[in-house]
Structure formats: structure tokens, C-alpha cells
Amino acid sequence: MTALTPLRAEHLFHGAFADEYHFLKLICPLSLVMSEKVAMAVAAFKAEHPEPRSLSAMEIGAGTGMTTQLILAALGEGSLTSIDNAPAMMVQAETHLKEHVASGRLRLKTDDALSALKDLPSESMDLVLSAYTFHNFLEGYRREVLKEVLRVLKPKGWFVNGDRYGVDDPAEHLKTIQDEVRGYFRVFREINRPDLLEQWVVHLLSDESDEHRMRLKPSIDSMQTLGFGLTTVSDRFEVNALLISRKPCL
Ligand SMILES: C[S@@+](CC[C@H](N)C(=O)[O-])C[C@H]1O[C@@H](n2cnc3c(N)ncnc32)[C@H](O)[C@@H]1O
């Protein structure tokens, strides 16, 4: 990390890019697979911690609510707070998840990750969950968020992150990104939306910038340095990976 990496949150999800984020399913069908993997990790946590109590969980980056829905199903009786700093995304989450909000199981909050975490007491969450959100963070900000995730987790709690982690081999990584761009052109040409093509390409350039891109091993090393315990990686496909990091029981 450079000393100049800013600690601020960015606002990258607005306009047609955010309002029509449902195109993600066409552009990246694997994203739904990752949402399911995050929910499966919730089920795995419950299987490892069978004591009969209702779990507390937080999701960072609700987006349209695609992953939130699956987390809630896996969580059973537990309660979930889900935050996102983009009003345009929150509007969609509120529409898709209104029954869960009405039932009291889900709290949706428009807030940035760092300030939402700072509002929580230490050791108050069994699970902190996220899908495709941390790669949007500037590196310095991400580090601060991770420190807070560790603080709010209960001992033995899990941080589950399904996200973009660059492929270690640079040539392979480049090829993966080039294929991704070709996919954008194919989809948006077919539906004749050059405006969205432009916005998705611009967003990908942000994802791929040095200040944002995560790589698998350095990310795990950095979490270890912050104090996370055992981190396992599963479901590595293309630039995607599911990480489960445990908070040690000191
Ligand atoms: C790629 S979307 C993923 C949404 C959702 N998790 C899913 O699986 O579909 C990333 C989300 O993270 C949100 N986000 C980005 N930076 C954020 C921040 N600093 N604080 C809170 N949310 C943020 C964006 O608004 C966006 O909705």
C-alpha cells in the first residue's frame, strides 16, 4: 500500500449503471453462483456452531439484494443488518426485500461500510458477510474496514467474502480480463446499449486499477497481519474466490 492511498469511501454505483444493475446476471452469471456460496458458508457456520441461539450477521454491500436474500434463507431465525452506501442500489434492495424488512429479520441501512461498522459494539456479530463489494474499496480504506470487521466479530466469528481476487499469473490475469471485456461487448451489442457498455468498461478499469485490485495471497497475508486467524479459500474460479476468515479465540 502506498502512503498516499486515501481512506475515503467512493461512490461508484449511480446512474444507469446502478439503476440497471440487473444486467449483471447476463454479464457475469457466475456472480449468482458466488452469492449462493456465501449463503452456503452461513449454513456451514451454523453446522459448526450448533448451539441453539439466533445468530447476528451483517452484510456489507447489499446491492440489489441478490445475495442478501440467500443469506436470509441460510440464516434461519437469525437477524441480518445489510448496508450499502449507494441510494440507487438501496432502493432496489428495499423493493426486493420488503417482506424481510417487514418481518423484522432484516435491517437495511444506507451507510458506508466503515461508518456502519464503527457504530457497532465490539464482539457483537457472529458473521460479517459480503459479495463483490471489497474490491470496490480503495486499498487504505479496505484495510480500515477489515480492522473494524475483526473488532465487531465475536471470537470464533467468521468473515465471509466472495469477491474478485486477481489471478497470480499476470498473463493469465490479463487474458481473464480481456475475455471479460469481450463478454461486455457481446452482451451490450446484442441488447443495443452502448451507454451501459461504456459504464461497465469504465467500472472495470476502476476495479483493475492498482488502488483497488485485490490479489489473493497478499490479501490473506494482510488479514493475518491484522489479527485474523485461519483463512480458507474455496471456489476459486477465474478472478473470483470465496474467503472465510476466522476470528481467533484468544
Ligand atoms: C458489485 S455490487 C455487489 C452487490 C451485492 N453484494 C451482490 O452480491 O449483488 C457492490 C456494492 O457495494 C456497494 N459499495 C461500494 N462501496 C461501498 C462502501 N464504501 N460502503 C458501502 N457499500 C459500498 C455498492 O454501492 C454496490 O451496491
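Predicted model: local features only at pLDDT ≥ 70, side-chain atom pairs only at ≥ 80, totals over all residues.
Residues are numbered from 1 along each chain as its sequence is written, and side-chain values use heavy atoms, with hydrogens and water left out.

## Aromatic pairs

A pair of aromatic rings is described by the distance of the centres and the angle of the planes. Rings of Phe, Tyr and Trp (its six-membered ring) pair if their centres lie within 6.5 Å; planes under 30 degrees apart are stacked, those over 60 are edge-to-face, and the rest are tilted. The count by this rule is 9 aromatic pairs. In one of them, the ring centres of Phe134 and Phe159 are 5.2 Å apart and the planes stand at 55 degrees, so the pair is tilted. Phe134 belongs to the loop between strand S4 (125–131) and helix H8 (139–152), and Phe159 to strand S5 (residues 153–164), so the pair ties together parts that are 25 residues apart in sequence. Helices (H or I, at least four residues) and strands (E, at least two) are DSSP runs, numbered from the N terminus.

The rings of Phe188 and Trp200 have centres 6.4 Å apart and planes at 35 degrees, so this pair is tilted. Phe188 is in helix H9 (residues 170–190) and Trp200 in helix H10 (residues 194–207), so the pair ties together parts that are 12 residues apart in sequence. Both Phe188 and Trp200 are buried. Together with Phe13, Tyr21 and Tyr184, they form one aromatic cluster.

## Packing of H9 and H10

H9 and H10 pack at about 165 degrees with their axes 9 Å apart; axes are lines fitted to C-alpha atoms, for helices over the stretch in contact, and angles run from 0 to 180 degrees between N-to-C directions. The two helices are therefore roughly antiparallel (over 145 degrees; under 35 is roughly parallel, 65 to 115 roughly perpendicular and the rest oblique).

The contact (heavy atoms within 4.5 Å) involves Ile177, Glu180, Val181, Tyr184, Phe185 and Phe188 of H9, and Leu196, Leu197, Trp200, Val201 and Leu204 of H10.

Methods:
Buried < 20%, exposed > 50% of the residue type's maximum accessible area, 1.4 Å probe, protein only.
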